[in-house]
Amino acid sequence: MNRESFAAGERLVTPAYVRQGREARRSHEHLIRLLLEKGKCPEDGWDESTLELFLHELAIMDSNNFLGNCGVGEREGRVASALVARRHYRFIHGIGRSGDISAVQPKAAGSSLLNKITNSLVLDIIKLAGVHTVTNCFVVPMATGMSLTLCFLTLRHKRPKAKYIIWPRIDQKSCFKSMITAGFEPVVIENVLEGDELRTDLKAVEAKVQELGPDYILCVHSTTSCFAPRVPDRLEELAVICANYDIPHVVNNAYGVQSSKCMHLIQQGARVGRIDAFVQSLDKNFMVPVGGAIIAGFNDSFIQEISKMYPGRASASPSLDVLITLLSLGSNGYKKLLKERKEMFSYLSNRLKKLSEAYNERLLHTPHNPISLAVTLKTLDEHCDKAVTQLGSMLFTRQVSGARVVPLGSVQTVSGYTFKGFMSHTNNYPCAYLNAASAIGMKTQDVDLFIKRLDKCLKTVRKEQNKESDISGVDNYDKTEDVDIEEMALKLDNVLLDTYQDSS
């Protein structure tokens with residue numbers, strides 16, 4: 001209500017009470033005003049009442065919510081279901097215009113303001129997470145793979161002779177398909193084994209640049225966040241190579257915002273060499289539904305070029321989700337999540353190390369990977385060819401999600417390219433292994449339950465060794481715990497073994 005409405009209310013209710021209510025509303029409005037003035041994530045998270053007030057105030061600025069609005073066009077924000085309208089807080093027009101996803105819509109001032117403030121908050125968080133010199137970013141309603149494709153398509157116009165993308169190998173389908181979809185030929189650079197770690201072969205990258213010719217290379221497509229034993233690419237050295245040969249550099253930073261090490265690599269790469277854009281997922285870094293990504297960079301005009309490459313308007317849902325999340329958390333809340341994630345990484349590492357040693361396995365030494373861990377499965381592989389895959393299937397049927405079991409010698413064809421040792425990021429890794437990651441939002445109870453179920457599965461797979469005693473040295477698996485899950489899993493193990501192999 002405005003001042004006149006409050007004054008009118010004083011004629012109906014005791015004026016002192018109305019003035020108290022007016023001051024309470026002002027406290028909400030003060031938070032909203034600071035957000036719009038500063039364009040930064042508030043230190044402390046907002047309560048739901050402030051959030052809903054803010055979203056309601058923005059929504060009624062869109063033409064579809066005007067009282068008496070007369071829409072005679074083909075896109076007037078009409079929604080058949082009231083439930084759908086409430087789900088989207090009545091933001092129906094989406095974001096952007098036909099020529100630019102970041103442009104302001106005349107019909108939707110509220111949605112446009114939502115888009116601008118979301119991009120501003122996300123930029124603030126990227127700086128907070130470690131990339132201090134980033135100049136611009138925007139939320140795009142596509143996941144990481146398609147967002148990378150958008151970057152490559154934008155570069156196409158700047159490098160008309162280019163047909164190749166140099167790509168240090170990472171066995172993840174969407175980032176590989178992003179290059180194929182954009183119409184380019186990936187040049188796969190195999191990783192080199194250093195200790196247990198798989199690292200960037202810089203000599204091979206530079207040799208390939210010289211062989212193909214810089215003008216015929218669209219960009220170098222590097223990676224930060226990845227599954228151990230692969231570790232983040234040597235971004236600083238790659239950035240220097242790109243600067244020396246005047247080749248663009250696009251970084252797949254899928255879940256790297258939550259890692260200070262990944263963000264430091266990007267910052268350092270931009271400082272000493274060249275990084276044109278880096279792309280990160282919304283769901284992996286901010287715990288929102290799948291469907292959005294952030295494209296960011298150090299050259300404001302280039303990031304604007306990418307936003308103008310997006311054809312047509314776009315869904316506002318990813319922007320709305322991350323806006324609500326960041327305002328609910330505040331910068332202090334997000335920093336707390338980052339701190340807890342690091343603590344969980346250490347905790348998970350210690351628990352896995354203890355369990356692996358009890359089974360005559362070991363935790364791979366991958367100090368350059370700040371998120372993912374890997375445990376050898378040598379004894380399992382030596383015992384039975386199918387034992388490794390069986391372990392993955394058993395974990396899956398016991399509701400352990402996210403753990404990856406990687407057998408030796410897997411071959412898979414992706415978009416016409418055949419990869420030996422697929423999922424292990426190299427043709428011939430020395431052993432089979434199991435992955436687990438400490439991602440943002442993980443709790444101690446998640447780690448504890450994972451270790452218990454992994455212990456139980458390892459015992460089951462190796463029961464033929466006749467080790468009836470508890471050799472694991474971890475907490476005994478409670479026979480009564482997860483009894484329903486265990487009964488269901490035993491029935492599904494054999495049925496889903498082939499399914500797991502296919503999905504891997």
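Predicted model: local features only at pLDDT ≥ 70, side-chain atom pairs only at ≥ 80, totals over all residues.
Contact here means heavy atoms within 4.5 Å. Helix H5, residues 109–128, packs with helix H13, residues 317–358, at an angle of about 20°, and their axes are 10 Å apart. The two helices are therefore roughly parallel to each other, and H5 passes H13 in a left-handed crossing. On the H5 side, the residues that meet H13 are Leu114, Asn115, Ile117, Thr118, Leu121, Val122, Ile125 and Leu128. Their counterparts in H13 are Ser319, Leu320, Val322, Leu323, Leu326, Leu327, Ser331, Tyr334, Lys335 and Leu338. Sorted by class, this contact of H5 with H13 has 13 nonpolar, four polar and one charged residues.

An unreviewed UniProt entry places the feature "binding site" at Arg97, Ser98, Gln105 and Arg313. These positions span 217 residues in sequence, yet no two of their C-alpha atoms are more than 9.7 Å apart, so they gather at one spot. Arg97 belongs to the loop between helix H4 (82–87) and H5, while Arg313 sits in the loop between helix H12 (300–309) and H13. Arg97 counts as partly exposed, at 36% relative accessibility, and Arg313 is likewise classed as partly exposed, at 34%. Neighbours within four places in sequence aside, Arg97 is in contact with Ala103, Val104, Gln105, Pro106, Gly312 and Arg313. On that basis too, the contacts of Arg313 include Arg97, Ser98 and Gln105, along with Arg75, His93, Ile95 and Gly96.

A further "binding site" annotation, from an unreviewed UniProt entry, covers Arg271, Arg398 and Lys463. Here the positions span 193 residues in sequence and the farthest two C-alpha atoms are 54.4 Å apart, so they do not all gather at one spot. Arg271 lies in helix H10, residues 260–272, and is exposed, with a relative accessible area of 56%. Arg398, by contrast, is buried, at 2% relative accessibility; this arginine is found in the loop between helix H15 (387–397) and strand S11 (404–406).

Finally, the unreviewed UniProt entry gives Lys284 the feature "modified residue: N6-(pyridoxal phosphate)lysine". Lys284 is part of helix H11, residues 282–286, and counts as partly exposed at 35% relative accessibility. Beyond its neighbours within four places in sequence, Lys284 is in contact with Ala254, Tyr255, Gln258 and Ile440.

Notes
Residues numbered from 1 in each chain as written. Heavy atoms only, no water. UniProt positions renumbered as here; feature names shortened; annotations may be inferred. Helix = DSSP H or I, 4+ residues; strand = E, 2+ residues; numbered from the N terminus. Buried < 20%, exposed > 50% of the residue type's maximum accessible area, 1.4 Å probe, protein only. Axes fitted to C-alpha atoms, helices over the stretch in contact; angles between N-to-C directions. Parallel < 35°, antiparallel > 145°, perpendicular 65-115°, else oblique. Left-handed = near helix turned anticlockwise from the far one by under 90°. Nonpolar A, V, L, I, M, F, W, Y, C, P; charged D, E, K, R; others polar.
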